[in-house]
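Biologist: I've just opened this one and I'm new to it. Can you walk me through the pockets and whatever else stands out?

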Amino acid sequence: MTGQFSLNLKQSYRAAAVLAAGLMAGMLGDLALAGGAGPAQAGSRPAAAQAATFSNPVLDANFPDPFVLRSGATYHAYATNGSGGNVPYAVSKDLVSWTTGGDALPKLPAWVKPGLTWAPEVARLGNKYLMYYTARDIKSDRQCIGVAVAVKAAGPFSPAGGGPIVCQADLGGSIDASPFVDSNGKAYLLWKNDGNCCNMTTEIFIQPLTADGLRLTGKANGLIQNFQLWEGSVVEAPTLYKAGGVYYLLYSGGPFDSDLYAVGYATSKTVTGPYKKAEENPVLVTKGEISGPGHQTIVTDGAGKPWIAYHAWTTGQIGDSVGYRSMRIDPVTFSGGKMTVKGPTLTPQPAPRPLP
């Protein structure tokens with residue numbers, strides 16, 4: 001699948017520039033009269049900077065379970081399998097205008113049954129990029145987690161090892177792998193057991209990765225389980241983000257194919273917990289024309305400000321037979337152990353600062 005999902009950033013920028021020019025012309029006239037300095041000379045003063053705007057969705061196509069990696073001057077996005085291949089891929093310079101780039105994982109390993117490649121996430125360790133993805137393990141007939149390697153964020157990624165690196169077959173399987181590199185450089189992998197597939201509790205786990213990122217080491221720690229009403233039978237899609245010395249564990253809960261799907265978070269002072277769920281959960285929920293926001297990730301813009309990227313259905317078009325999950329972004333803040341999301345939004349919003 002190749003094409004450009006050019007959103008309205010450029011158009012908004014252009015419209016804003018025209019508006020700014022008009023306003024500036026009037027303002028310059030007013031200033032000249034008030035200051036008594038005579039008529040302003042054409043071209044003698046630069047036009048005022050006008051903030052660009054954008055509107056969601058930023059990628060208006062089926063792009064479920066999105067993950068966004070900032071690498072150098074480029075954003076790379078990866079999604080669950082679909083018409084774009086095992087791992088549909090897109091690229092952007094500003095988080096707003098995206099161009100799809102084909103399949104980042106064109107070849108699956110021998111242990112995988114094709115067609116169920118879910119929720120890929122990527123980390124850079126050393127001079128390599130490692131993709132952690134969910135796929136159907138032929139031996140256990142469960143969803144399990146594999147790893148693939150590339151020399152570029154855009155891929156193509158090549159499967160590594162002879163089997164999954166996490167496969168809790170007795171807990172329903174393992175899905176939604178998410179790498180996290182702490183401020184001391186130590187890498188971890190988070191995931192959840194797929195217990196909701198078989199009437200079992202779901203739990204989010206964390207375990208250290210080896211230095212090359214290809215295997216787990218040490219002991220797995222359970223972090224949180226589903227027990228709040230809004231979560232229903234599932235907590236999933238972990239994202240770990242550190243700010244101000246606090247570890248924020250973002251996660252999604254509820255049925256993914258409904259307007260009950262939402263995002264919550266828990267906090268801890270140490271990477272392996274214990275984590276305490278926020279009293280105000282969930283913090284990103286269905287609103288108006290936006291249904292079931294979730295499977296989030298955090299990425300920073302050119303000013304270093306964090307943004308939450310997530311997927312959502314259009315209200316009234318929930319389910320793959322009638323709709324699709326498009327990718328959206330909204331600003332998010334982390335302060336004093338509290339996470340605040342300004343969203344979900346559909347109206348024009350100030351755009352992220354592009355990468356330098």
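Predicted model: local features only at pLDDT ≥ 70, side-chain atom pairs only at ≥ 80, totals over all residues.

Biologist: Which residues lie nearest its centre?

Modeller: Phe67, Val68, Leu69, Pro179 and Ile298. The lining of that largest pocket has 25 residues in total.

Biologist: And which strands supply at least two residues of that lining?

Modeller: Strands E3 (67-71), E7 (112-125), E11 (174-181), E15 (235-243) and E19 (290-300). E3 gives the largest share, with 5 residues.

Biologist: How does the lining of the largest pocket divide into nonpolar, polar and charged?

Modeller: You get 13 nonpolar, 7 polar and 5 charged residues.

Biologist: What volume does the second largest pocket have?

Modeller: That one is about 430 Å³. It is lined by 25 residues, and Asp65, Trp118, Glu236, Phe256 and Arg325 are the closest to its centre. The elements giving two or more residues to this second lining are E7 and E11.

Biologist: What about the classes in the lining of the second largest pocket?

Modeller: There are 8 nonpolar, 10 polar and 7 charged residues in that lining.

Biologist: Let's zoom out. How many helices and strands are in the chain?

Modeller: The chain has 1 helix and 23 strands. It runs to 356 residues, and 53% of them count as buried. As for contacts with a separation of 6 or more, 51% are between residues 24 or more positions apart.

Biologist: New topic: Tyr129. Where is it found?

Modeller: Tyr129 is in strand E8, which covers residues 128-137.

Biologist: Why does Tyr129 count as buried?

Modeller: Because its relative accessibility is 7%, and buried means under 20%.

Biologist: What does Tyr129 touch, leaving out residues up to four places away in sequence?

Modeller: Quite a list, including Leu69, Val122, Ala150, Lys152 and Phe157. Tyr129 and Phe157 are 28 residues apart in sequence, with their C-alpha atoms 8.3 Å apart in space. Ser71 is another one of the residues touched.

Biologist: Which side chain makes a polar contact with the side chain of Tyr129?

Modeller: The side chain of Ser71, at 2.8 Å.

Terms used: Residues numbered from 1 in each chain as written. Heavy atoms only, no water. 1 Å grid on protein atoms, 1.4 Å probe; cavity = no way out; pocket = protein on both sides within 12 Å on 5 of 7 lines; lining within 4 Å. Helix = DSSP H or I, 4+ residues; strand = E, 2+ residues; numbered from the N terminus. Nonpolar A, V, L, I, M, F, W, Y, C, P; charged D, E, K, R; others polar. Points joined across faces, edges and corners; volume = space filled by probe spheres on them. Buried < 20%, exposed > 50% of the residue type's maximum accessible area, 1.4 Å probe, protein only. Contact = heavy atoms within 4.5 Å. Polar contact = N/O pair within 3.5 Å; in protein donor to acceptor, adjacent residues only side chain to side chain.
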